[in-house]
2 protein chains.
Amino acid sequence: MRSKENRAADLMMLQDSITGFLCKLDPSLKLKEDLWQREEGGGGRTRILADGDIVEKGGVNFSAVHGPAPAFMKADRFFASGVSLVLHPRNPMVPIIHMNVRYLETSLDGKVEHWFGGGMDVTPHYVFPEDARWFHQQLKAVCDPFGPTLYSDYKKWADDYFFITHRNETRGVGGLFFDFLKGTDTFPLERVDDFIFALGNQFNPIYEHLTRNHGISFTEQNKTWQLQRRGRYAEFNLVYDRGTKFGLETAGRIESILMSLPPLARWDYNVIPAQGSAEETTLNWLKKDIDWLSAK
Amino acid sequence: MRSKENRAADLMMLQDSITGFLCKLDPSLKLKEDLWQREEGGGGRTRILADGDIVEKGGVNFSAVHGPAPAFMKADRFFASGVSLVLHPRNPMVPIIHMNVRYLETSLDGKVEHWFGGGMDVTPHYVFPEDARWFHQQLKAVCDPFGPTLYSDYKKWADDYFFITHRNETRGVGGLFFDFLKGTDTFPLERVDDFIFALGNQFNPIYEHLTRNHGISFTEQNKTWQLQRRGRYAEFNLVYDRGTKFGLETAGRIESILMSLPPLARWDYNVIPAQGSAEETTLNWLKKDIDWLSAK
């Protein structure tokens with residue numbers, strides 16, 4: 001295994017590559033960078049993107065933190081580094097996208113454990129099955145060189161993870177989610193290391209494709225629905241998301257962690273879309289275990 | 001102790017009294033009532049209020065539910081009834097108000113436990129110390145006939161409970177919070193029963209006083225700040241609030257539980273109010289252990 005310092009340097013380069021791409025894709029985007037340090041050890045490079053034509057608000061964050069492990073980790077010390085991004089588009093016809101790749105290390109009485117986690121998933125305000133199919137095809141193409149069951153395993157993990165239990169709906173059309181990848185005979189840790197970068201490097205072409213609808217016109221009703229769906233996104237992140245909880249419990253930098261929250265969201269009472277509407281069709285797609293590779 | 005059916009009837013009358021008052025105070029308010037039943041037992045009367053001149057969105061809910069107890073209760077069966085309200089005003093100079101009074105009963109192997117819980121608290125978007133002082137004076141006047149330390153005990157409990165740890169700020173200027181009041185020699189259960197209704201009955205005059213600023217003009221900046229503070233309110237309710245968690249874990253009616261969420265909220269990155277601004281003054285008031293009875 002290479003050193004964690006080398007990997008952290010590559011994660012910073014990934015952050016550079018993605019923010020560079022986004023600023024080129026959406027030249028009116030305003031980038032704000034905050035460098036921060038954590039009292040207990042380590043720090044990060046928060047990059048907030050706002051007020052673009054395509055992206056209303058989002059962030060692409062890098063962090064590498066270490067120190068005494070919080071209680072829930074059952075370890076003495078920990079080290080964590082990763083890149084995490086969430087982008088909320090202006091146009092309701094463009095999906096919210098989320099990606100995270102991370103490396104974790106804990107030690108307990110001298111025994112060291114290492115693992116990788118992360119994933120990529122999209123949350124359309126309006127589901128277009130052909131876009132979801134295309135997205136899942138790209139993810140499968142990233143996974144297949146690393147093992148024949150990776151895509152189906154991590155796709156199912158995403159379905160289970162990005163589920164809003166109290167609403168009985170998925171957050172979006174899913175994607176990949178994986179955690180605690182500690183290496184196996186057929187998928188050793190070095191290959192997992194390569195895999196998370198293969199995924200990270202596919203972000204730019206995937207997002208470029210998914211934002212091609214950003215010029216489509218939309219109505220006030222579409223916008224209201226978008227804000228309501230963003231409310232669901234906030235519910236998921238605040239109630240269930242492990243990354244958010246991890247950040248809150250490790251006394252992470254709160255403004256970097258909560259950059260995932262939407263610029264504007266709304267909650268209306270008991271919204272029930274009209275029969276046959278695009279909103280109703282979208283709700284019908286927000287289910288687990290859809291085979292997106294053949295969806296239409 | 002009187003029967004739980006009698007108390008539930010009084011709680012419904014309290015709900016009637018409050019919704020009647022609100023519709024008179026704010027005649028343009030639209031009231032929507034939903035009667036619902038819970039599969040496992042019991043049900044409720046959800047009343048959503050929206051689009052008033054004073055109240056932008058809120059709800060005054062009654063429920064009385066029972067059935068097999070969820071795991072976290074460590075009991076066989078439970079019964080819970082209460083009135084819960086949250087009102088989000090249109091004008092940023094009017095505070096958000098929350099009140100809840102509830103009765104709980106559990107049984108385990110034939111052993112029955114009963115207790116009361118609840119409270120009332122306000123979350124101003126802009127803190128006016130004289131309003132906070134007046135509010136706490138009213139609460140003290142409700143508490144004092146029931147015991148000399150009630151106000152200070154439950155005021156402290158509210159400070160500790162309505163605290164957004166990850167922001168290191170209180171939700172608002174507090175008020176009263178109490179739970180697991182099972183009766184003592186000096187404050188027997190029958191008196192606790194009277195106390196929660198004494199509190200509930202003070203809601204109308206308190207809210208009438210607190211909304212007297214609703215005619216004050218405000219700027220776009222005031223409105224933006226209001227939406228940012230509502231974001232904090234959503235964070236508290238989704239991350240920490242026990243009532244919300246209780247509802248989610250007892251498979252309560254989700255639209256009734258989440259009526260507390262704001263009509264519109266926003267999250268901006270790292271908002272830091274200008275030195276000497278009203279926003280900065282407000283943040284300085286959002287601390288525990290302020291003696292509001294003498295604040296100015």
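Colleague: How many residues does the contact take from chain B and from chain A?

Modeller: Residues are in contact if their C-beta atoms, placed from the backbone, lie within 7 Å. Here the contact takes 22 residues from chain B and 22 residues from chain A. Please keep in mind that this is a predicted model, in which local features need pLDDT of at least 70, side-chain atom pairs count only at pLDDT 80 or more, and totals for chains, interfaces and linings use all residues. Residues are numbered from 1 along each chain as its sequence is written, while chains are lettered from A and ligands numbered from 1 in the order in which they are written.

Colleague: Which elements of chain B supply the side that touches chain A?

Modeller: Helices (H or I, at least four residues) and strands (E, at least two) are DSSP runs, numbered from the N terminus. On this side of chain B, α6 (220–239), α8 (254–257) and β10 (264–266) each supply at least two residues. Of these, α6(B) gives the most, with four residues.

Colleague: And how do β10 of chain A and β10(B) pair?

Modeller: Two strands pair if DSSP finds at least two bridges between them. Strand β10 (residues 264–266) of chain A pairs with β10(B) in the antiparallel sense, over three bridges. You can find A:A265 standing opposite B:A265 there.

Colleague: B:Y154 is among the buried residues of α3(B). What should helix α3 of chain B span?

Modeller: The expected span of a helix is 1.5 Å times one less than its number of residues. For the 12 residues of α3(B) (residues 150–161) that gives 16 Å, and the end C-alpha atoms are 16 Å apart, which agrees. The buried residues of this helix pack against β6 (111–123), α2 (129–143), β7 (163–164), β8 (169–170) and β9 (174–181) of chain B.

Colleague: How should I read strand β3 of chain A: how many of its residues are buried?

Modeller: In β3(A) (residues 55–68), 11 of the 14 residues are buried, so the strand is largely enclosed by the rest of the structure. Strand β2 (residues 42–50) of chain A pairs with β3(A) in the antiparallel sense over seven bridges, and 13 bridges join β3(A) to β4 (residues 77–89) of chain A, also antiparallel.

Colleague: What is the strand order of the open sheet in chain B?

Modeller: Its seven strands run β1-β2-β3-β4-β5-β6-β9, with antiparallel pairing. The edge strands are β1 (30–37) and β9, each pairing on one side only.

Colleague: Is A:G42 buried, exposed or partly exposed?

Modeller: A:G42 is partly exposed, because 17 other C-beta atoms lie within 10 Å. This residue is found in strand β2 of chain A. Leaving aside neighbours within four places in sequence, A:G42 is in contact with A:A64, A:V65 and A:H66.

Definitions and conventions. Two residues are in contact if their C-beta atoms, placed from the backbone, lie within 7 Å. A residue is buried if 20 or more other C-beta atoms lie within 10 Å of its own, exposed if 12 or fewer, and partly exposed in between; C-beta atoms are placed from the backbone.
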